[in-house]
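Here are some notes for a colleague who is new to this structure. Please read them with the model open.

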Amino acid sequence: MKLLDLWLVGFGLRCCALLLCEVGSLLFVIPTLFNLHSDLADAGAAILAIVAIGGGFLWGSALSRELITLLADDKNE
């Protein structure tokens, strides 16, 4: 396998992990829209959503930086 192929497999696995984290966050946040949690759970859901959004942004920027570095490398076969 080429280096780019390995990177693409890793990218797919990381995207799946990020998707699972985001879906988990969403499933926790949705009941707060219908007042099915206490105020403490609502605050926890809000913090979890903010962390998930920030983590997704940082993860996406790190992955794009890796891809740019990988594509700019002349030694890549």
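Is Cys 16 buried, partly exposed or exposed? Point 3 takes this up, after the overall picture.

1. This is a predicted model. The chain holds 2 helices and 0 strands. Helix H1 covers residues 3-33.

2. The accessible surface comes to about 5,800 Å². Carbon and sulfur atoms account for 75% of that surface.

3. Now the cysteines. Cys 16 is partly exposed, and its relative accessible area is 47%. Cys 15 also counts as partly exposed, at 31% relative accessibility.

4. How many disulfides does the chain have? The count is 0. A disulfide is a covalent bond that links the sulfur atoms of two cysteines. The cut-off for such a pair is 2.5 Å. The closest cysteine sulfur to that of Cys 15 belongs to Cys 16, and it lies 7.1 Å away, so the two are too far apart for a bond. Cys 16 is therefore in no disulfide, with the sulfur of Cys 15 as its nearest cysteine sulfur.

5. Look next at contacts along the chain. Take those between residues at least 6 apart in sequence: 57% of them join residues at least 24 apart.

6. Val 29 gives a local example of contact. This residue sits in helix H1. Which residues does Val 29 touch, leaving aside neighbours within four places in sequence? They are Ala 45 and Ala 49. Val 29 and Ala 49 are 20 residues apart along the chain, and their C-alpha atoms are separated by 7.3 Å.

Technical notes:
Residues are numbered from 1 along each chain as its sequence is written. This is a predicted model: local features need pLDDT of at least 70, side-chain atom pairs count only at pLDDT 80 or more; totals for chains, interfaces and linings use all residues. Side-chain values use heavy atoms; hydrogens and water are left out. Helices (H or I, at least four residues) and strands (E, at least two) are DSSP runs, numbered from the N terminus. Contact means heavy atoms within 4.5 Å. Accessible areas come from the Shrake-Rupley method with a 1.4 Å probe; for residues, only the protein chains shown count as cover. Buried means under 20% relative accessible area, exposed over 50%, partly exposed in between (1.4 Å probe, protein chains only).
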